[in-house]
Amino acid sequence: MVTVTTMDVYGHFIIWALLLLYSSLYVAANSLAYDVHWLGGATVIERDAPTSKQTVDIYCYPGTSKNLFSLWQTVKFHLRIKNDEFRQYVGSSPEEVYKEYTEDSYGWSVVNPFQKRTQKTMSLNLFTPTCMAINTKQRHSIELQIIRVDIWRIILMFLGISLIFSSKALSGNPVFFYLCGIFVGVFASFMVLVYYVSKLLPKKTLTYGILIGGWTVGVYIFQQVWENIRSLVLSYQTYMFWYTLVVSFISFIVCYKIGPPKNQRSKNLVMWTLQLVGVLLIFFSSEYQEASAAVIIISLVIKYFPESLLRKIQAYWRRKFPPKARLLTSEEYYEEGARETKQALENLRKYCSSPDCAQWNIMLKLNDSRRSGSIVPRRFASFVEGNSHLSDEEILDYESYAFSLDRCRKPTPVANSTRNVDISDDDSSEYEEI
């Protein structure tokens with residue numbers, strides 16, 4: 001006879017309980033499975049209201065390889081939904097998203113006030129996989145936007161390059177100084193308002209909350225304050241416009257009273273600050289950070305390349321590959337001579353009229369020259385006043401000489417046939433005189 005003891009009953013009961021628990025967990029795991037949708041290009045997926053389907057839809061972007069074509073590329077997840085009644089779960093893999101989804105379904109989100117804020121448009125990292133799941137009872141659509149050439153990224157990069165190369169000129173520009181002063185004044189006025197508002201808050205309660213909750217409490221409070229500021233700006237746009245206008249005018253008056261920086265060290269500080277801003281703009285203008293760093297290095301090398309070394313390289317290049325000389329035509333030679341002579345005379349006239357010229361010493365030298373008399377000083381004074389440096393006789397002599405040279409180069413042909421012309425006595429006498 002086989003006797004069944006109490007321990008055997010308890011053992012069989014425990015085994016059956018474990019099998020039942022395992023089967024229930026297996027069924028629950030299968031009922032909460034997830035479907036992964038890998039989106040490789042620009043795609044739109046429509047989703048109706050949820051049905052009895054127990055699976056979770058997870059949308060993943062696989063990422064792309066690093067190449068120059070992705071320098072200005074932007075990839076976004078865009079959610080189209082009528083309201084904000086949805087929960088969003090983001091991770092680097094489907095398993096991570098599914099884990100976050102299950103934890104949220106167990107009620108962890110009720111005691112987690114620092115959860116990431118949901119966004120209808122979310123920018124993705126180009127080179128790392130990103131997955132997202134949506135939990136909502138509304139009809140919605142998921143769109144993967146791929147912008148091959150983002151114009152804003154191009155603007156940021158070229159703005160940064162322009163700041164690096166024009167920083168020295170902008171550091172001494174009064175207009176740029178006033179614009180920066182107005183911007184700093186408006187921003188500082190908001191900081192003053194925030195400071196006075198913080199004086200009204202209970203210090204002990206806020207300090208204890210930050211000590212107990214850590215930096216997450218500070219981040220949460222900052223997010224709430226930022227959302228309230230945004231709502232205030234959108235609700236009272238007219239008041240904010242007039243406030244900004246008045247503060248800008250006051251900032252301009254202060255900057256006008258102080259004046260632009262005149263010390264070279266102050267200009268250098270402004271120049272270096274502008275170059276730092278340009279470097280940051282270039283670095284954050286692209287997801288391809290290695291290419292952005294290369295653009296920054298090339299820009300700085302070109303900016304601070306030694307001019308002496310550059311001149312040596314240019315001289316060596318001209319020696320190795322000298323430019324081919326082009327001879328001027330007679331018309332180009334005449335035009336260049338007339339142009340250069342006119343410019344030299346204008347420069348001489350400006351110098352003689354300037355305070356740097358000693359007019360009386362020049363007049364004494366002209367009087368002591370070989371052509372003594374008052375004709376030369378008078379012509380000099382007439383030239384300085386704007387008249388021609390040549391007299392009518394000299395112009396006529398020059399034109400006659402040029403005409404004679406032209407005739408010598410191009411003689412006029414003589415007719416072979418002779419014509420019989422009747423010449424009277426008077427005409428013959430006149431012809432002999434000629």
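**A chat about the cores and rings of this model**

Me: Let's start with Phe283. What is its relative accessible area?

Reply: Phe283 has a relative accessible area of 27%, so this residue counts as partly exposed. Keep in mind that we're looking at a predicted model.

Me: Good to know. How does the pLDDT average out over the protein chain?

Reply: The average for the chain is a pLDDT of 76, and 72% of the residues score at least 70.

Me: Where does pLDDT stay under 50?

Reply: Residues 27-32 are one such stretch, and the model gives them 5 contacts beyond four places in sequence. Another is 411-434, where the model has 2 contacts of that kind.

Me: OK, new topic. How many residues are in the largest nonpolar core?

Reply: There are 22. Among those with the most contacts inside this core are Tyr61, Val75, Phe77 and Leu144. Two or more residues each come from strand E3 (56-61), strand E4 (74-80), strand E7 (130-135) and strand E8 (140-147).

Me: And what about a second core?

Reply: A separate core has 9 residues, including Ile58, Val97, Tyr98 and Cys131.

Me: Why would nonpolar side chains be buried together?

Reply: I can only give you the general pattern: in soluble globular proteins, nonpolar side chains tend to be buried together.

Me: Let's pick one residue. Where is Leu144 found, and is it buried or exposed?

Reply: You'll find Leu144 in strand E8. With a relative accessible area of 1%, Leu144 is buried, because the cut-off for buried is under 20%.

Me: What does Leu144 touch?

Reply: Leaving out residues up to four places away in sequence, Leu144 touches Leu39, Gly41, Ala42, Thr43, Tyr61, Val75, Lys76, Phe77 and Leu124.

Me: Switching to rings. How many aromatic pairs does the count come to?

Reply: The count comes to 10 aromatic pairs. One of them is Trp72 with Phe158, a tilted pair with 6.5 Å from centre to centre and 35° between the planes.

Me: Which parts does that pair tie together?

Reply: Trp72 sits in the loop between E3 and E4, while Phe158 belongs to helix H3 (residues 151-171), so the pair ties together parts that are 86 residues apart in sequence. Trp72 is partly exposed at 24% relative accessible area, and Phe158 is partly exposed as well, at 47%.

Me: Back to Phe283, then. How are the rings of Phe283 and Phe284 arranged?

Reply: Their centres are 5.2 Å apart and their planes are at 90°, so this pair is edge-to-face. Phe284 counts as exposed, with a relative accessible area of 56%.

Me: Which residues do ring pairs link into a cluster?

Reply: Phe177, Tyr178, Phe252 and Tyr256 are linked into one.

Me: What lies over the face of Phe127?

Reply: That's Lys66, at 5.5 Å from the ring centre.

Me: Last one: where is Ser354?

Reply: Ser354 is in the loop between helix H11 (330-353) and helix H12 (359-367). Its relative accessible area is 18%, so Ser354 is buried. A polar atom of the Ser354 side chain lies 2.6 Å from the backbone oxygen of Tyr351.

Definitions and conventions
Residues numbered from 1 in each chain as written. Predicted model: local features only at pLDDT ≥ 70, side-chain atom pairs only at ≥ 80, totals over all residues. Heavy atoms only, no water. Core = buried A, V, L, I, M, F, W, Y, C linked by side-chain atoms within 4.5 Å. Buried < 20%, exposed > 50% of the residue type's maximum accessible area, 1.4 Å probe, protein only. Helix = DSSP H or I, 4+ residues; strand = E, 2+ residues; numbered from the N terminus. Phe/Tyr/Trp six-rings, centres within 6.5 Å; stacked < 30°, edge-to-face > 60°. Lys NZ or Arg CZ within 6 Å of the ring centre and 35° of its normal. pLDDT = per-residue confidence, 0-100. Contact = heavy atoms within 4.5 Å. Polar contact = N/O pair within 3.5 Å; in protein donor to acceptor, adjacent residues only side chain to side chain.
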